[in-house]
Amino acid sequence: MNMDQQERFEAQEENPFFADNRSMRQPVEGTVSRGNLREDAVYYQGINDDSSFVTDIPVEVDKSFLYRGKDQYEVYCTPCHGTLGDGQGIIMTGQYGYVPAPTFHQDRLREIENGYLYSVIANGIRNMPAYAHQIKVKDRWAIVAYMRALQRSQYVPEDEVQAYDVDLASLQAEFTEQQQKEQAMQEAEAAAGGGDVSAARGEELFVANGCQACHSRDGSDGIGPTLQNVMGKSETLADGSTITVDEDYLRESITNPSAQIVEGYDPVMAPYGHLSDSDIQSLIEYIKSLSDNQ
């Protein structure tokens, strides 16, 4: 114990030697520790002189840099954002109760500045924590570069694909076949049990998928619109048009939330297309139960 309980001052302890009684000392005024001046805001913060986000990655991007980004992305980002950047990480299994991460494959994030992505990695945003203490500056930029590669891999314009020796018809047929297999698996799971539709089951799914983190049930404001008395409500969308909330709108909002964004809210919700039809209908039944007019 004498090695553990040494005559030294621990963090936050009082030290009567100094006038302010603090054992943790401030750096000498006007000094900066060697190597930590970080005057280059473009590199260290991802911003220009006017505080706008930079558009270009301030590091040479080559194959080895992208592979470094891939390595770091798979260490820190895949649990939430998935290996493809589609928001289908392990937290999307529904048993953890975390707010789902957004997909990178949406227009807003495809068009956002590289400096914004860097800033999110370094400083965090909403439910995402900051990773500045875990990921080195250059590695943050490497992750940004790899995120762009992921976006490019999943969103190549058809006219560019045609410039290469690629059989688009074969790829489309393979994709359709995979979708059919997944649909058949969902139907089989529903037939085997758990396919019942009810508001009670919808409430369980609501909690299991972390929906309450963004959508309140008591009328209070949040990251997303409240679900209290939402059925039949007239909502103004971001494009200025209006809609009346019905089952079709709720279904689309669950499976493709970026399609019609309510005015005043950010398009940050992840799609829940992985849920079975009975799961989605149960969620709708639960949301309906939160409205007095149902």
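Contact here means heavy atoms within 4.5 Å. The views below show a predicted model, in which local features need pLDDT of at least 70 and side-chain atom pairs count only at pLDDT 80 or more, while totals for chains, interfaces and linings use all residues. Residues are numbered from 1 along each chain as its sequence is written, and side-chain values use heavy atoms, with hydrogens and water left out.

View 1. Glu 235 lies in strand S1, residues 234–236 (strands are DSSP runs of E, at least two residues, and helices are runs of H or I, at least four, numbered from the N terminus). With a relative accessibility of 10%, Glu 235 counts as buried (under 20% relative accessible area; exposed is over 50% and partly exposed in between, with a 1.4 Å probe and protein chains only). Apart from neighbours within four places in sequence, Glu 235 contacts Val 230, Ser 241, Thr 242, Ile 243, Val 245 and Val 262.

**View 2. The aromatic pair Phe 53 and Tyr 116.** The whole structure holds eight aromatic pairs (rings of Phe, Tyr and Trp, the last by its six-membered ring, with centres within 6.5 Å; planes under 30 degrees apart are stacked, over 60 edge-to-face, and the rest tilted). In one of them, the ring centres of Phe 53 and Tyr 116 are 5.7 Å apart and the planes stand at 85°, so this pair is edge-to-face. The pair links distant parts of the chain, 63 residues apart: Phe 53 is in the loop between helix H1 (41–45) and helix H2 (63–76), and Tyr 116 is in helix H5 (residues 114–123). Phe 53 is partly exposed at 29% relative accessible area, whereas Tyr 116 is buried at 15%.

**View 3. Gln 151 in helix H6.** Helix H6 spans residues 137–154 and includes Gln 151, which is buried at 5% relative accessibility. Not counting residues up to four places away in sequence, Gln 151 touches Phe 104, His 105, Leu 109 and Arg 110. The charged end of Arg 110 sits over the ring of Tyr 155, 3.5 Å from its centre (NZ of Lys or CZ of Arg within 6 Å of the ring centre and within 35 degrees of the ring normal). Phe 104 forms one aromatic cluster with Tyr 73 and Tyr 146.

**View 4. Charge over the ring of Phe 18.** Arg 25 places its charged end over the ring of Phe 18, at 3.9 Å from the ring centre.
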